[in-house]
Amino acid sequence: MIACGPARSSLSLMLDKRFIVVSGKGGVGKSAVAAAIAKSAARAGRNTLALSIVGNGMGLGAHLGMTALEFRPQQTEPNLHALSIDRSKALVEYVQIQVGLPSYATFTPAIRAFDVLASTAPAIREIVTMGKVLWEVKTGHWDLVVADGPPTGQIGSFLGAATTMANLVSTGRVADQAKWMREIQMDPEASELVLVTVPEELPTTETIETLEWFDEHPVVASRSIFANRVLPRLNTDSIGSGVVADAASLHRSLTAEQAIWLERLPTHLDLPFLFGAESAAAVADRLAGSMGALIR
């Protein structure tokens with residue numbers, strides 16, 4: 001298993017890669033961390049694309065301060081653009097690029113049939129989606145592509161799309177695409193999977209199980225763990241009595257419980273619990289600030 005530690009150089013090296021995909025159990029702050037990574041890279045001067053792989057992209061969009069994300073990249077701040085993948089549009093774009101069909105082909109019966117296929121066949125869904133994601137990496141237009149990926153229960157099938165494609169088709173353009181997709185994912189200097197967790201029992205257990213799955217299914221070369229919402233250790237021993245003392249006692253018990261779960265994780269980067277964040281965009285900005293402090 002390969003995991004990135006909390007050292008400043010490790011985070012800097014991660015932002016020097018071309019592709020980062022972020023996953024995690026629902027509710028751990030996956031979209032916030034993806035947005036923060038993208039913001040950190042952009043503010044370090046890298047031309048960055050943040051994209052949402054599944055859903056309507058509103059989780060990532062909200063953390064980037066956008067009311068909606070479209071299929072075409074929209075600029076959210078200097079050096080940072082964002083989009084949300086629409087499978088049917090991604091499939092049309094793929095056919096146009098690979099076969100050379102004009103834009104009006106979008107309305108042909110064949111394209112509508114492919115659209116139905118892409119929306120109903122599980123393996124095709126993942127292939128079309130990851131094909132679009134990694135195509136953005138391959139074009140070289142972006143210094144870094146940061147993907148807000150599916151939750152841990154689904155991330156394996158998405159990252160395994162290239163292998164699935166290679167097993168289905170052995171020759172031709174589709175096979176060639178599977179080859180370069182897998183080459184990007186399996187290059188430890190190019191790609192990184194970031195698993196986001198929080199120091200609690202269920203997210204920690206699911207993260208460890210996901211790492212074990214990737215040990216058995218090598219579909220991405222480099223993996224890291226970000227522990228989100230980690231409470232700071234405070235000197236609360238000298239606090240007297242009353243409400244403040246009760247709050248201090250609660251803080252001590254919570255940090256002690258978090259420490260138990262953090263000890264069970266492989267090497268990880270800790271991100272702070274954010275008190276008083278008023279919006280999703282504020283959360284991402286403050287997380288990006290924490291990451292930026294590690295880089296500087």
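With a relative accessibility of 23%, Glu206 counts as partly exposed, and so does Lys25, at 28%. (Buried means under 20% relative accessible area, exposed over 50%, and partly exposed in between, using a 1.4 Å probe and protein chains only.) This is a predicted model, where local features need pLDDT of at least 70 and side-chain atom pairs count only at pLDDT 80 or more, while totals for chains, interfaces and linings use all residues. Residues are numbered from 1 along each chain as its sequence is written, and side-chain values use heavy atoms, leaving out hydrogens and water.

Lys25 and Glu206 form a salt bridge, their closest N and O atoms being 3.6 Å apart. (A salt bridge is a side-chain nitrogen of Lys or Arg within 4 Å of a carboxyl oxygen of Asp or Glu.) The two residues are 181 residues apart: Lys25 sits in the loop between strand 1 (19–24) and helix 2, and Glu206 in helix 10 (residues 201–216). (Helices, H or I with at least four residues, and strands, E with at least two, are DSSP runs numbered from the N terminus.)

## Lys30 and its neighbours

Now look at Lys30, in helix 2 (residues 30–43). Its side chain meets that of Asp148 in a salt bridge of 2.7 Å, N to O. Asp148 belongs to strand 5 (residues 144–148), 118 residues apart from Lys30. Asp148 is buried because its relative accessible area is 4%, and Lys30 is buried because its own is 14%.

Lys30 also touches Gly149, Pro150 and Val196, among others. (Contact means heavy atoms within 4.5 Å.)

The structure holds 9 salt bridges. One of them joins the side chains of Arg43 and Glu77 at 3.1 Å, N to O. Arg43 is in helix 2 and Glu77 in strand 3 (residues 74–77). Arg43 is partly exposed at 47%, whereas Glu77 is buried at 14%. Lys39, Arg43, Glu77 and Asp285 are linked in a network of salt bridges.

## The nonpolar cores

The largest nonpolar core has 40 residues, and Phe19, Leu51, Met130 and Leu159 have the most contacts inside it. (Such a core is a set of buried Ala, Val, Leu, Ile, Met, Phe, Trp, Tyr and Cys residues joined through side-chain atoms within 4.5 Å.) Helix 6 (residues 122–138) gives this core its largest share, 6 residues. A second, separate core of 35 residues includes Ala35 and Met66.

Key. Lists of a residue's contacts leave out its neighbours within four places in sequence.
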